[in-house]
Amino acid sequence: MTLRLAPFFDPIALDTVTSTNDEAMVLAAEGAAAGTLVWARTQTKGRGRRGRSWSSPEGNLYLSLILRPGRDATGAAELAFLAAIAIGEGIAPLIPASVAVRYKWPNDVLLNGRKVAGVLLESSLGPKGGLDWLVIGVGVNVLGFPKRTGYPATSLVAEGAEGLDAACVLEGFCQAFLSGYERWRDEGFAGVRRRWLGRAAGIGETIEVRLDGETLSGIFAGLDEAGALILRRAGEEDRRISAGEVFLPAAADR
Ligand code: BTN
């Protein structure tokens with residue numbers, strides 16, 4: 001199959017892999033160029049954030065993109081927000097206009113309040129502490145979705161998309177990602193942050209954030225300049241949260 005991709009991308013299509021991130025990390029460590037993109041039909045050990053597994057049946061999109069942005073480690077988190085935006089912008093033309101596309105902190109994409117896609121970023125630092133390479137793993141539920149998950153899930157087809165396959169979702173993602181990546185390199189995180197906040201689920205609402213040892217409830221007041229979630233709680237100073245899982249009240253995720 002011929003993919004319609006900008007010359008920046010060098011796609012490697014595989015059949016069954018443990019995880020496209022595993023494949024891409026090996027290639028990155030061996031010196032593969034930025035733009036190398038591993039794409040697989042299924043994964044036997046698909047990984048999600050926070051040590052979870054990622055359900056990987058045939059028909060969905062599993063890709064891992066190698067980047068070498070030449071920045072420090074904060075750039076990695078910024079690019080994960082950009083990846084979520086590129087998923088959202090890539091799928092928006094493929095689904096009915098009535099379906100709400102929202103971003104759930106940090107990098108999930110929701111359709112009508114249910115998770116359709118996630119991002120898993122893995123990186124390696126060079127000897128001077130800068131980013132040597134970065135692998136952005138993207139999973140999009142095109143056809144199937146897991147029924148029993150911590151957060152309710154959905155797929156593009158379940159939300160009314162017709163006549164599409166993983167390849168066209170991949171093309172949409174790559175197109176949106178590349179234009180956002182070029183802007184990010186020129187202008188930095190501010191524009192990414194603004195675009196992410198424009199479609200953030202639960203902003204200004206009461207949310208729950210599950211951290212490793214505790215669950216906090218408070219108002220989702222915004223994102224700081226590094227992408228940390230700002231949680232406002234009565235009588236306390238704002239808390240900046242860099243790692244956790246957000247749960248939204250039913251009305252806030254639309
Ligand atoms: C999450 O939301 O927890 C992140 C999910 C990331 C899944 C993708 S699928 C392609 C790539 N390979 C993996 O093993 N994980 C990512």
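Helices (H or I, at least four residues) and strands (E, at least two) are DSSP runs, numbered from the N terminus.

Ground rules next. This is a predicted model: local features need pLDDT of at least 70, side-chain atom pairs count only at pLDDT 80 or more, and totals for chains, interfaces and linings use all residues. Residue numbers start from 1 along each chain as its sequence is written, and side-chain values use heavy atoms, with hydrogens and water left out.

Let's start at the ligand. How many residues surround the ligand? The count is 21, and the closest are Ser19, Gln43, Arg47, Arg49 and Lys115. A residue counts as near a molecule or strand if one of its heavy atoms lies within 4 Å of it.

What makes up that shell? Six of its residues are nonpolar, 10 are polar and five are charged. The classes work like this: Ala, Val, Leu, Ile, Met, Phe, Trp, Tyr, Cys and Pro are nonpolar, Asp, Glu, Lys and Arg are charged, and the others, Gly among them, are polar.

Now the polar contacts. The term means a pair of N or O atoms within 3.5 Å; within protein, one must be able to donate a hydrogen and the other to accept it, and residues adjacent in sequence count only if both atoms are side-chain atoms. Take Ser19: an N or O atom in its side chain is 2.7 Å from an oxygen atom of the ligand. Thr20 has a polar side-chain atom 3.2 Å from a nitrogen atom of the ligand. Lys115 puts a polar side-chain atom 2.6 Å from a ligand oxygen.

How much of the ligand's accessible area does the protein cover? On its own the ligand has 420 Å² of accessible area, and the protein covers 99% of that. These areas come from the Shrake-Rupley method with a 1.4 Å probe; for residues, only the protein chains shown count as cover.

The ligand takes up the space of the largest pocket. A molecule sits in a pocket if more than half of its atoms lie within 2 Å of its grid points.

Which elements give two or more residues to the shell? They are helix H1 (20-29), strand S3 (61-67), strand S6 (114-125) and strand S7 (131-140). S6 gives the most, with four residues.

Stay on S6 for a moment. Gly118 sits in this strand. Gly118 is buried, at 9% relative accessible area. Cut-offs: buried is under 20% relative accessible area, exposed is over 50%, and partly exposed is in between, with a 1.4 Å probe and protein chains only. From Gly118 to Asn107 is 11 residues along the chain and 6.2 Å between C-alpha atoms.

That takes us to Asn107. It lies in the loop between strand S4 (101-104) and strand S5 (108-111). Asn107 is buried too, with a relative accessible area of 8%. Its side chain reaches the backbone oxygen of Ala80 at 3.5 Å. Pro106 is in the loop between S4 and S5 as well. The peptide bond from Trp105 to Pro106 is cis, with omega near 0 degrees.

Next, backbone torsions. Arg50 has a positive phi, near 55 degrees. Arg50 is in the loop between strand S2 (36-43) and S3, and is partly exposed at 37% relative accessible area. Asn112 also has a positive phi, near 45 degrees. Asn112 lies in the loop between S5 and S6, and is partly exposed at 23%.

Last, some C-alpha pairs. Val209 is in strand S8 (residues 206-210). Is Val209 buried or exposed? Buried, with a relative accessible area of 0%. Val209 and Gly244 are 35 residues apart in sequence, yet 6.2 Å apart in space, C-alpha to C-alpha.

Leu248 is in the segment after strand S12 (245-247). Leu248 counts as buried, at 13% relative accessibility. Its C-alpha is 9.8 Å from that of Tyr151, 97 residues away along the chain.

Finally, Ala234. It lies in the loop between strand S10 (229-232) and strand S11 (239-241). Ala234 is exposed, with a relative accessible area of 82%. Ala234 and Ile219 are 15 residues apart in sequence and 9.0 Å apart, C-alpha to C-alpha.

How values were computed:
1 Å grid on protein atoms, 1.4 Å probe; cavity = no way out; pocket = protein on both sides within 12 Å on 5 of 7 lines; lining within 4 Å.
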